[in-house]
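Trainee: I would like to go through the ligand site and the aromatic pairs of this model.

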Amino acid sequence: MDVTLNRISPEDRKNPPESMNGVVFGSVFSNHMFSMVWDDGIGWHDAEIKPYQPLVLDPSTLVFHYGQSSFEGLKAYRNPSGGINLFRPRENFARMNRTAQRMCLPELDIEFVLGALKQLLQEDSNWVPQEEGTSLYIRPTKIAIEEALGLKVSSRFLFYIILSPVGPYYPEGFNPVKIVVSDQYVRASPGGVGEAKTAGNYAASNLAEKEAKAEGFTQVLWLDAVERKYIEEVGSMNIFFVIDDEIVTPQLNGSILPGITRKSVLELARHWNLKISERRISMEEVQEGLKSGQVSEVFGAGTAAVISPVGQLHYRGDSFQVGDGSTGPVAKRFFEHLTAIQYGREEDPFGWVETL
Ligand SMILES: *Cc1c(COP(=O)(O)O)cnc(C)c1O
């Protein structure tokens, strides 16, 4: 399948922001988007790069009512020679295909969509910002677009990719965030869709996150749905603990989103011969460890924030400071090396980076 190119007209062409300073994450979009349509019996068709524009959809469109959808998030980085780096992009499209299986969505040909993404990035290459710590956030999205109110699996889908230049995800930047542990609400349960990157998971998290923000916390730390005892993850990040001399993260159990940053942190740790384990971690263990000092660091890992140190945990009315409340050496080391690899400032021994 060829990708049709329909360039924006010179009079509609916008310029990227001069500086990313003060630009809210995900609020500005580039000149072009990629899209294609799936019909049962036909497959993907009408692949095109076209001006960024609104979707026109019938009010009965399935995705609005039943949420059959999937999204991804990855970034393009400006490298020192002025080129563009992508970080493990095949992992995102492979995960999108796993989400597709769980959500009854059609899968993508990974090499085809990666090629289309690169073509889109070439068109809008001036939208990859230059400033330190900035990048072009890439949002592939797939939605059910059959027009029908009857509950069913759609026979028609839209896949698109949009691009948004971004600075740091949290206003705190690479500074410790305050997180509240929710024991009232759950995000995902065994047998559910927690490991799929699908819209409903975030809708299910909104109330807890709204309440957390009102109380001055940045995010919610979710516990398992059955016992409300074991740590799962944060709203948009996986979570790591430094316990004694070991780096510990909850093992993937079906309700945790399998993060690519999580995977990269584990692979880097293995490469550095650090002690790591993926296992169940109870909130009780963390609480005790924070009191005794055995838990010296807590940090989140995800594409948007990369590594986000946690300075304070709040659980059942008690506040626990992590270490001295500042960014720890382990979080700092992962942040520095991951970003150095992503931006091409450091050699990539893993073959993670793809340069355009
Ligand atoms: C996307 C996401 C992550 C992080 O995944 P990355 O691939 O590292 O960006 C973690 N948890 C949730 C719930 C997510 O949606």
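Trainee: How far does a polar side-chain atom of Thr303 lie from an oxygen atom of the ligand?
Mentor: The model is predicted, with pLDDT of at least 70 needed for local features and 80 or more for side-chain atom pairs, while totals for chains, interfaces and linings use all residues. Residues are numbered from 1 along each chain as its sequence is written, and side-chain values use heavy atoms, without hydrogens and water. A polar contact is a pair of N or O atoms within 3.5 Å. For Thr303 and the ligand oxygen, the distance is 2.6 Å.

Trainee: Which side chain has an N or O atom 2.4 Å from an oxygen atom of the ligand?
Mentor: For Lys197, the corresponding distance is 2.7 Å. The 2.4 Å value belongs to Tyr202.

Trainee: What is the angle between the planes of Phe29 and Tyr52?
Mentor: Rings of Phe, Tyr and Trp (its six-membered ring) pair if their centres lie within 6.5 Å, and planes under 30 degrees apart count as stacked. Phe29 and Tyr52 are stacked, with centres 5.2 Å apart, and the angle is 10 degrees.

Trainee: How many residues apart in sequence are the parts that this pair ties together?
Mentor: Phe29 is in the loop between β1 (4-5) and β2 (32-39), and Tyr52 is in the loop between β3 (43-51) and α1 (62-66). Strands (E, at least two residues) and helices (H or I, at least four) are DSSP runs numbered from the N terminus. The pair therefore ties together parts whose separation in sequence is 23 residues.

Conventions. A polar contact is a pair of N or O atoms within 3.5 Å; within protein, one must be able to donate a hydrogen and the other to accept it, and residues adjacent in sequence count only if both atoms are side-chain atoms. Rings of Phe, Tyr and Trp (its six-membered ring) pair if their centres lie within 6.5 Å; planes under 30 degrees apart count as stacked, over 60 as edge-to-face and the rest as tilted.
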